[in-house]
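Biologist: Could you take a close look at one part of this model for me? I'd like the numbers and the cut-offs behind them.

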Amino acid sequence: MNGDNDGKKLRAAIVGGSGYTGGELLRIALEHPLIKLEAVTSRGQKRRSVTKAHPNLRGATDLRFVEPGELVQRGEEKKFDLIFLATPHGKSMELVEEFIPLTEVLVDLSGDFRLRGAEEYEQWYGKRHTRPDLLDKFVYGMPELYRSQLREARLIASPGCTATSAIIPLKPLAESFGKDIVDVVVDAKVGSSAGGASPNAGSHHPERRDVVRSYAPCGHRHTAEMEQELGISVSFSPHAVEMVRGILATIHLSLDREYEEKEIWSIYRDSYGEEPFVRFVKERKGLYRYPEPKLLRGTNFFEIGFEKDQRTGRLVIMAALDNLVKGAAGQAVQAANLAFGLEEKTGLGRVGLHPA
Ligand SMILES: NC(=O)c1ccc[n+]([C@@H]2O[C@H](COP(=O)([O-])OP(=O)(O)OC[C@H]3O[C@@H](n4cnc5c(N)ncnc54)[C@H](OP(=O)(O)O)[C@@H]3O)[C@@H](O)[C@H]2O)c1
């Protein structure tokens with residue numbers, strides 16, 4: 001644990017606060033009873049109110065953006081407890097040099113420190129890793145897998161959003177079925193906010209509206225995270241769909257042995273029965289009898305449902321989350337709570353909306 005938190009507020013800062021995950025970090029931090037947000041950066045919007053970028057926060061804060069250099073200056077005067085880097089991959093590994101010395105705990109939301117090998121990074125991200133010396137110092141920020149390590153962590157690599165959608169439901173099954181797993185296919189439907197706040201050709205309204213676009217049927221870089229954490233081979237194919245927030249992953253698992261649904265229940269109950277944010281949704285009837293990302297908007301919950309295809313034996317798993325919360329900012333705060341010895345759910349108890 002990083003110092004005993006005796007109810008004092010953690011002095012926190014966000015680098016990259018004008019983006020979508022930065023906005024969610026702001027929203028969560030402002031509601032968090034033990035975080036005091038002291039500085040939020042934007043290079044392009046310095047001195048503007050953060051509510052210009054995040055109008056949903058009107059009335060909740062009078063913070064203004066500062067340049068990253070100003071945050072460095074403040075951190076040199078008095079060290080922060082917690083800094084989040086909500087910056088693009090490739091940038092975070094440049095920024096850590098400056099920001100690590102300024103804080104007790106640093107959480108990076110980019111992909112720069114999730115993979116354990118510099119070669120893997122180069123293979124999947126197409127560029128050389130400039131800080132391979134730090135790769136084994138970061139803890140992968142998924143509390144369901146690394147809770148005890150996160151309690152001691154100073155550097156945290158927050159997982160990717162689609163990686164989270166596959167790793168949480170598959171980890172207990174990968175451990176239990178091991179060599180009996182013949183094939184795993186993860187087909188994910190992904191909301192547009194996963195692409196960040198900067199527009200591109202694919203996010204232009206006429207090109208995005210009404211599409212179900214397969215954008216990386218093979219070779220998506222989050223596959224590397226999935227395989228690293230699961231220790232099995234995974235075929236991952238994401239699709240861009242019209243929703244703004246949310247991921248629904250439909251996972252097809254083929255096994256080389258007999259099993260019954262009650263065995264799956266028992267594996268999941270043993271692994272996740274006590275998890276504060278993992279829920280199981282598997283009802284006989286009703287519109288929402290399986291996980292539905294729309295109901296999880298704005299929440300840190302992660303829902304899992306499953307069904308055995310009695311005809312083929314295939315196990316079909318449905319997993320849903322909000323990419324910006326459990327897939328990014330919420331998971332980052334959950335990990336930070338652990339690092340400071342706080343109750344893991346602090347600031348993250350919000351439930352979803354219905355109708356949403
Ligand atoms: N969107 C998701 O669902 C999601 C989920 C999990 C993880 N992530 C990861 O989280 C990170 C942020 O994603 P996002 O969706 O929030 O992206 P975004 O909306 O594009 O925001 C990126 C932020 O980074 C800042 N920035 C860019 N270059 C910078 C630099 N050199 N120095 C300092 N600040 C810089 C930008 O601020 P200024 O230009 O104003 O300075 C902006 O605020 C990415 O690495 C992404 O892969 C995203």
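This is a predicted model: local features need pLDDT of at least 70, side-chain atom pairs count only at pLDDT 80 or more; totals for chains, interfaces and linings use all residues.

Which residue forms a salt bridge with E229, and how far apart are the closest N and O atoms?

Modeller: That would be R116, and the closest N and O atoms of the pair are 2.9 Å apart. A salt bridge here is a side-chain nitrogen of Lys or Arg within 4 Å of a carboxyl oxygen of Asp or Glu. Numbering runs from 1 along each chain as its sequence is written, and side-chain values use heavy atoms, with hydrogens and water left out.

Now for the wider setting. The protein chain splits into domain 1 (10-159 + 326-339) and domain 2 (162-322), with bounds from an automatic or database domain assignment. Their C-alpha centres lie 25 Å apart. Domain 1 puts 22 residues into the contact and domain 2 puts in 30, where contact means heavy atoms within 4.5 Å. About 2200 Å² is buried between the two domains, 54% of it from carbon and sulfur atoms; that is the accessible area (1.4 Å probe) that the two parts lose on being put together, summed over both. On the domain 1 side, Y20, W124 and K326 supply 32% of the area buried against domain 2, more than any other three residues.

The elements giving two or more residues to the side of domain 1 that touches domain 2 are α1 (20-31), α5 (118-125), α6 (143-151) and α11 (325-339). Of these, α11 gives the most, with five residues. Helices are DSSP runs (H or I, at least four residues), numbered from the N terminus.

Then there's the ligand. It is surrounded by 27 residues, the closest being S18, S42, R43, T87 and A197, counting a residue if one of its heavy atoms lies within 4 Å. Y20 turns up again: one of its backbone N or O atoms lies 3.0 Å from a ligand oxygen. For G19, a polar backbone atom is 2.9 Å from an oxygen of the ligand, and for A197 a backbone N or O atom is 2.8 Å from one.

Definitions and conventions
A polar contact is a pair of N or O atoms within 3.5 Å; within protein, one must be able to donate a hydrogen and the other to accept it, and residues adjacent in sequence count only if both atoms are side-chain atoms.
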